[in-house]
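I am opening my notebook to record, entry by entry, what I looked up and what I found.

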Amino acid sequence: MKIDRFDVVVVGAGAAGVTAAISAGRAGASTLLVERYGSVGGGITSTYVRPFLGGVANRNLGHELVRDITALTDRLSTFESAKCVLTQKLAEAGVRVWLQTTLVDTEVTDGRITAITLMAPGGKRRVEGKIFIDASGDGNLSVMAGAEYDIGREGDRLIQPTSIMFTIEGIAPWQDLICEHEEDHQMMAPGEDFLELCHKACASGELPSNINIIRLYKTEQPGERMVNATQCNYLDPLDPDQVFEAEVLLRGQVKLIVDFLRRHVPGYENIHVNGSSSTLGIRESRRIMGDYLLCETDLFAGRKFPDAIVHNAGFCIDIHNPDGPGQAEHEEGRPPVEHPYDIPYAALRPRGFDNLLTAGRCISGTHMAMSSYRVMNICMAMGDAAGYAAAIAAKRNLTTREVPVAEVQEYVHITPEA
């Protein structure tokens, strides 16, 4: 079996993983980025998520990536722009990227991952690394290494529903209908409320019983909307049989939703689907338990941390109902809003490991807290900080706990407030 060696190994090339790899590469660390799909970007590309949600106060690589992706949208869709920009940035940073490559096994000694086994297109590869970053979303690397984790909400362990995002075109130029959240009452025509139409269709059976809102977002293209509406509840995203069952269900819902819009929305009579995600959009799965557990009380208090690596993160508590339609919190209104909060470095350090970091939705947090920090802009900020911290640790032969957090904060322009 061929053996490769790197300073930093990143598993998962979604929003967090791409920024982590670019950051580590720019900091001078030899870096490998491993991705099981055939393109990088995750939610930005494969799962068709638009717009870029969430915000952070500190400077980070995510701002640069979003800026450059947006600059290309006069010629390409957001999704195609992202593929071009992200691959170019990775190449310029000197990152080795292995696509269509799956994690198979880990080797762990005394709280350190010494090597991982990958199945690449040409066969198995053994990779040794100084520092590893788990940006897999599902926490696959951490769990395979033996890390503690939690999943779902307290009590029943149900996770947020899974969706397939898609875009439609052919909307009449005069129809400017959008619907971005559960309290976004938009009028299709005088006296015709789009949200009320969706609720009635759900109650009558015209729409599935777990779909009582069709979210419509404007894109950069005229006459086009991104649609966030399909929903599969009770899915175990770690069970391959259930994953395919969800694929069948959600693809069928796409047609139902398009037919519904054609029947009921003026100006939508000639719409058709022009693109959809190439894989399921998983909002939630494992959360790796770290040296600190970020809780919803931290978010509601707007808590600041002396070891903050993301400053003043901002996004609502956005829990799509694990047990039915709409939102799990405040069903008939917008989800509760947090105060701008920090994410501490300790939440990215899995308990019991000296050379492993997490980034993205699998960091250490509660079900409710994760619903806020899981969005792309916040995940990119986490990845940027994690990549830089990993590069410092690898180049100086430090553990992840020995990394001088002040240097990471300086890199992302954070001045601790607590």
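**Helix packing**

I began with handedness, and I noted that helix 1 passes helix 3 in a left-handed crossing. I kept in mind from the start that this is a predicted model. I then looked up the geometry of this pair, and found that the axes of helix 1 and helix 3 (residues 78–92) come within 9 Å and cross at roughly 30°. Angles under 35 degrees count as roughly parallel, and that makes helix 1 roughly parallel to helix 3. Which residues meet here? I listed V18, A21, I22 and R26 on the side of helix 1, and L86, K89 and L90 on the side of helix 3.

Next I turned to helix 1 and helix 2, where I read that helix 1 (residues 15–26) packs against helix 2 (residues 61–71) at an angle of about 110°, with the axes 10 Å apart. The range for roughly perpendicular is 65 to 115 degrees, and helix 1 and helix 2 are therefore roughly perpendicular to each other. I wrote down that helix 1 passes helix 2 in a right-handed crossing. The contact is made by T19, I22, S23 and R26 from helix 1, together with L61, E64 and L65 from helix 2.

**Aromatic pairs**

How many aromatic pairs does a search of the whole structure find? I noted four. One of them is formed by F6 and W98, which I recorded as edge-to-face, with 6.2 Å from centre to centre and 85° between the planes. This pair links distant parts of the chain, since F6 belongs to strand 1 (residues 2–11) and W98 to strand 3 (residues 96–98), 92 residues apart. Are the two residues buried or exposed? Buried means under 20% relative accessible area; F6 counts as buried at 8% relative accessibility, and W98 counts as buried at 11%.

I also looked at Y388 and Y411, an aromatic pair that is stacked, with 4.0 Å from centre to centre and 0° between the planes. Y388 lies in helix 9 (residues 376–396) and Y411 in helix 10 (residues 405–411), so the pair ties together parts that are 23 residues apart in sequence.

**Arginines over rings**

**Two buried residues**

I looked up I164, which I found in the loop between strand 7 (149–151) and strand 8 (166–169). I164 is buried, with a relative accessible area of 0%. Leaving out residues up to four places away in sequence, I164 touches T230, E247, L250, R251, V254, S276, S277 and L280. I also noted that I164 and V227 are 63 residues apart along the chain, while their C-alpha atoms are separated by 9.0 Å.

My last entry concerns P344, which has its place in strand 16 (residues 341–344) and counts as buried at 1% relative accessibility. Which residues is P344 in contact with, leaving aside its neighbours within four places in sequence? I wrote down Y292, L294, F305, D307, A308 and I309. Finally I checked P344 against L86, and found them 258 residues apart in sequence and 26 Å apart in space, C-alpha to C-alpha.

Key: Residues numbered from 1 in each chain as written. Predicted model: local features only at pLDDT ≥ 70, side-chain atom pairs only at ≥ 80, totals over all residues. Heavy atoms only, no water. Phe/Tyr/Trp six-rings, centres within 6.5 Å; stacked < 30°, edge-to-face > 60°. Helix = DSSP H or I, 4+ residues; strand = E, 2+ residues; numbered from the N terminus. Buried < 20%, exposed > 50% of the residue type's maximum accessible area, 1.4 Å probe, protein only. Axes fitted to C-alpha atoms, helices over the stretch in contact; angles between N-to-C directions. Parallel < 35°, antiparallel > 145°, perpendicular 65-115°, else oblique. Left-handed = near helix turned anticlockwise from the far one by under 90°. Contact = heavy atoms within 4.5 Å.
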